[in-house]
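Biologist: Please take one part of this model and walk me through it closely, strand by strand, and then turn to a pocket, giving the cut-offs behind the terms as you go.

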Amino acid sequence: MADVAAPLARWLDRHVGAQGPWRSAPLAGGNSNETHLLRDGDGRRYVLRRPPRAAVSSSAHGVAREFRLLTALHGTAVPVPRPIALCEDPAVAGAPFLVMEHVGDALSVTDTVPPGWAAHPGALTAAADDLVDALAALHRVDPAAVGLTGFGRPDGFLRRQPGRWYTQWEQTACRPLPAMAPLARWLTDRLPDASPTGLLHGDFHLDNCLFAAAAPRLRAVIDWELATVGDPLLDVGLLLAFWGDRPCATVAMPAVQGVSRLPGAPPREHLLDRYERATGRPVGDLAYYRALALYKLAAIVEGAYAQYRSGVLDTPYAAALEHDVPALLDEAMACAGLAVGRR
């Protein structure tokens with residue numbers, strides 16, 4: 001770990017309720033915002049989140065929005081890390097940032113079952129049930145009741161989605177992606193009746209949750225920078241798009257929820273049924289929400305690939321987007337029943 005620069009250390013002394021010397025180290029994950037582990041002078045741990053030095057878009061990196069959301073949800077049935085402090089002065093650390101509690105003895109699960117779960121029969125089903133229950137709890141929250149009035153623009157939310165993400169892709173495009181146009185048309189023409197408005201995470205899947213290392217128990221949902229108020233079924237679409245069997249031979253982002261394709265994992269229908277029973281909300285046109293979620297994700301992360309192509313961003317994640325973005329679009333096309341391969 002490295003020493004924290006003096007301006008940040010002084011700010012932490014004043015606002016976190018602890019004293020230095022402060023030390024910091026990067027944490028893995030968090031491809032949208034930078035995430036760092038902090039230690040105070042007594043060895044207690046905290047997490048600092050800040051926008052990346054090369055931000056794809058300001059809306060995807062709003063730590064003030066994330067802090068507001070965590071503050072609203074802390075103490076509800078939705079498991080979130082406790083927010084501690086927010087700094088909106090970029091002079092302190094080069095960008096706004098938030099500090100929240102560090103969830104100890106927890107990990108993010110991708111394509112490997114944690115060794116500590118071996119003693120728990122049905123571990124993957126238990127993890128899936130916790131995952132769905134957390135999402136259902138989020139979607140049952142009344143935004144106004146927790147102080148989130150004005151947090152999003154729910155009127156016309158679903159109708160705006162195809163055009164919004166197509167425009168974002170156009171603004172960062174660095175290569176042809178022929179599937180974007182037919183998907184935008186299909187999503188616009190097939191628009192279902194919107195479900196009741198609610199809070200949505202915006203990037204909800206297993207990897208953006210922390211589970212206990214010793215048991216399949218969900219400890220916290222993290223990475224809330226894309227949260228808003230709108231049609232919550234978009235969260236369901238992404239979760240189930242990445243869960244279980246995939247519609248194309250080439251799987252996009254294969255590590256994401258990779259455990260869902262291992263023996264013992266429950267099928268997609270199990271998660272869907274649990275969600276509908278927990279919320280009393282029928283999902284209806286799941287194919288639409290799966291296609292929209294994958295299309296949206298492709299439009300967002302293509303911006304990171306453009307940064308990789310220009311030399312601004314150099315990570316294995318960004319490099320893999322050369323193939324992952326077209327594969328996301330192929331899967332979206334397959335969900336929509338359109339001809340795959342128009343990359």
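Modeller: Strand E7 (residues 106–107) runs antiparallel to strand E9 (residues 209–212), and the two are joined by 2 bridges; strands here are DSSP runs (E, at least two residues) and helices are runs of H or I of at least four, both numbered from the N terminus, while pairing requires at least two bridges found by DSSP. This is a predicted model, in which local features need pLDDT of at least 70 and side-chain atom pairs count only at pLDDT 80 or more, whereas totals for chains, interfaces and linings use all residues. Residues are numbered from 1 along each chain as its sequence is written, and side-chain values use heavy atoms, without hydrogens and water.

On the E10 side, phenylalanine 211 has leucine 218 as its bridge partner. E9 is joined to E10 (residues 218–221) by 3 bridges, again in an antiparallel arrangement, and these two strands make a hairpin with 5 residues between them.

Turning to the second largest pocket, 18 residues line it, and those nearest its centre are Arg65, Phe157, Arg164, Ala227 and Thr228. Two or more lining residues come from each of helix H5 (157–172) and strand E11 (228–230), and H5 supplies the largest share, 5 residues. A pocket is an open set of points on a 1 Å grid over the protein atoms alone where a 1.4 Å probe fits, with protein on both sides within 12 Å along at least five of seven lines, and lining residues have an atom within 4 Å of a point.
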